[in-house]
Amino acid sequence: MQKQQELHMKELKKHNVQGPVATTFTASNTGSWRLERPKVNFEECIKCGTCAMVCPVNIVEIKKEEKECVVFDFNYCKGCGICANECPKKCISMVPERSEV
């Protein structure tokens with residue numbers, strides 16, 4: 001048994017990892033450089049949750065019991081438009097970020 005362990009340890013030493021193995025990442029506010037932002041037509045929204053499922057940064061929340069059911073965290077939204085492209089009812093549109101003062 002000890003010979004097997006020694007052999008296994010030799011194999012592990014061949015693939016020695018240098019540097020940090022685990023890193024802690026924190027999110028920073030990235031919404032300031034967004035050029036477009038999503039806007040929802042709540043009259044047409046069917047609250048299916050597709051926009052939340054396809055969001056690459058996971059910043060969309062669906063609140064089915066409220067009228068304004070789709071909530072975006074604009075501090076982290078990149079304005080990529082994937083939610084608007086994938087919406088089955090096409091009730092999400094991308095509007096210029098600086099259009100409203």
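Here is a short tour of the structure, one selection at a time. This is a predicted model, where local features need pLDDT of at least 70 and side-chain atom pairs count only at pLDDT 80 or more, while totals for chains, interfaces and linings use all residues. Residues are numbered from 1 along each chain as its sequence is written, and side-chain values use heavy atoms, with hydrogens and water left out.

**Stop 1: R34 and E97**

Select R34 and E97, whose side chains meet in a salt bridge at 2.9 Å, N to O. (A salt bridge is a side-chain nitrogen of Lys or Arg within 4 Å of a carboxyl oxygen of Asp or Glu.) This pair links distant parts of the chain: R34 is in the loop between α1 (2–14) and β1 (36–40), and E97 is in the segment after β4 (92–96), 63 residues apart. Those labels come from DSSP runs, numbered from the N terminus: helices are H or I with at least four residues, strands are E with at least two. Both R34 and E97 are buried. (Buried means under 20% relative accessible area, exposed over 50%, and partly exposed in between, with a 1.4 Å probe and protein chains only.)

**Stop 2**

Together, R34, R37 and E97 are linked in a network of salt bridges.

**Stop 3: E43 and K67**

The structure holds three salt bridges, and one of them joins E43 to K67, with the closest N and O atoms 2.7 Å apart. Look for E43 in the loop between β1 and α2 (50–54), and for K67 in the loop between β2 and β3, 24 residues apart. Are E43 and K67 buried or exposed? Both E43 and K67 are exposed.

**Stop 4: E68**

Now pick E68, in the loop between β2 (60–62) and β3 (70–72). E68 counts as exposed because its relative accessible area is 53%.

**Stop 5: I92**

Finish with I92 in strand β4. I92 counts as buried because its relative accessible area is 7%. Which residues is I92 in contact with, leaving aside its neighbours within four places in sequence? They are P38, K39, V40, C51, F72, C83, A84 and C87, where contact means heavy atoms within 4.5 Å.
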